[in-house]
Amino acid sequence: MNRRIVNDITDFIFLEDRLEKADAIFVPGGSYPELPERAAELWKEGYAPYVVPSGRFSITRGEFAGVKSKAEKYGKKYATECEFYTDVLQINGVAPDCILQEAEAQFTAENARFTRKLLDAKGLCPGKAIICCKGFHSRRCLMYYQFSFPETEFMMAPVYVNVTRENWYRTAWGQEKVLGELTRLGTQFGPELKGFDRSSVDS
């Protein structure tokens with residue numbers, strides 16, 4: 001595979017920012033504890049006062065998929081991704097009253113939209129927020145959260161579970177994950193863009 005193409009795709013898909021103090025840490029749903037573990041570390045380091053786990057379960061599966069790693073530590077039966085993430089956060093030292101739970105989202109766009117709805121109901125509008133997600137999922141997460149929070153400055157704090165910047169193109173599974181994100185970005189960006197305020201881009 002052409003190295004420039006690999007590098008261009010890698011830089012586009014995998015996002016990571018230098019972190020600053022923020023108003024909230026967002027954790028879109030999934031089955032890996034490494035994401036809420038990273039969020040817990042950031043919370044304990046004082047990067048934000050709130051952590052917002054989001055997720056019910058995959059719309060295609062219809063139930064929580066189960067813990068994908070560290071099952072010996074997080075071996076309970078969980079009804080939702082949010083319940084799982086909340087347990088991981090608390091086990092790793094996050095105070096319960098600093099966890100704002102969103103337990104209905106079933107895909108990435110809903111993670112962002114329902115998180116916005118939750119924070120609006122609580123009168124919270126973050127000026128800055130950190131997103132903890134899988135590394136290969138960071139571009140699409142940023143897209144959806146930015147659509148739902150156009151006034152918020154986002155910083156990406158990715159977690160690398162199996163698929164990394166360095167190895168994604170070396171296996172069929174890694175290629176499927178990363179190139180699948182390119183496909184989803186192409187098909188999902190258009191419908192979202194129709195309702196987007198272009199003045200915020202053109203000005």
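**Aromatic pairs and a parallel sheet**

Trainee: How many aromatic pairs does the rule count?

Mentor: Rings of Phe, Tyr and Trp (its six-membered ring) pair if their centres lie within 6.5 Å. By this rule the count of aromatic pairs comes to 13. This is a predicted model, where local features need pLDDT of at least 70, side-chain atom pairs count only at pLDDT 80 or more, and totals for chains, interfaces and linings use all residues. Residues are numbered from 1 along each chain as its sequence is written, and side-chain values use heavy atoms, with hydrogens and water left out.

Trainee: Is the pair of F26 and Y145 stacked or edge-to-face?

Mentor: Planes under 30 degrees apart count as stacked, over 60 as edge-to-face and the rest as tilted. The ring centres of F26 and Y145 are 5.3 Å apart and their planes stand at 20°, so the pair is stacked.

Trainee: Which parts does the pair tie together?

Mentor: Helices (H or I, at least four residues) and strands (E, at least two) are DSSP runs, numbered from the N terminus. The two parts are 119 residues apart in sequence, because F26 lies in strand β1 (residues 24-28) and Y145 in helix α5 (residues 138-148). The parts tied together are β1 and α5.

Trainee: In what order do the 4 strands form the open sheet?

Mentor: Two strands pair if DSSP finds at least two bridges between them. The pairing is parallel. β2 (51-54) and β4 (153-156) each have a single partner strand, so these two stand at the edges. The order is β2-β1-β3-β4.
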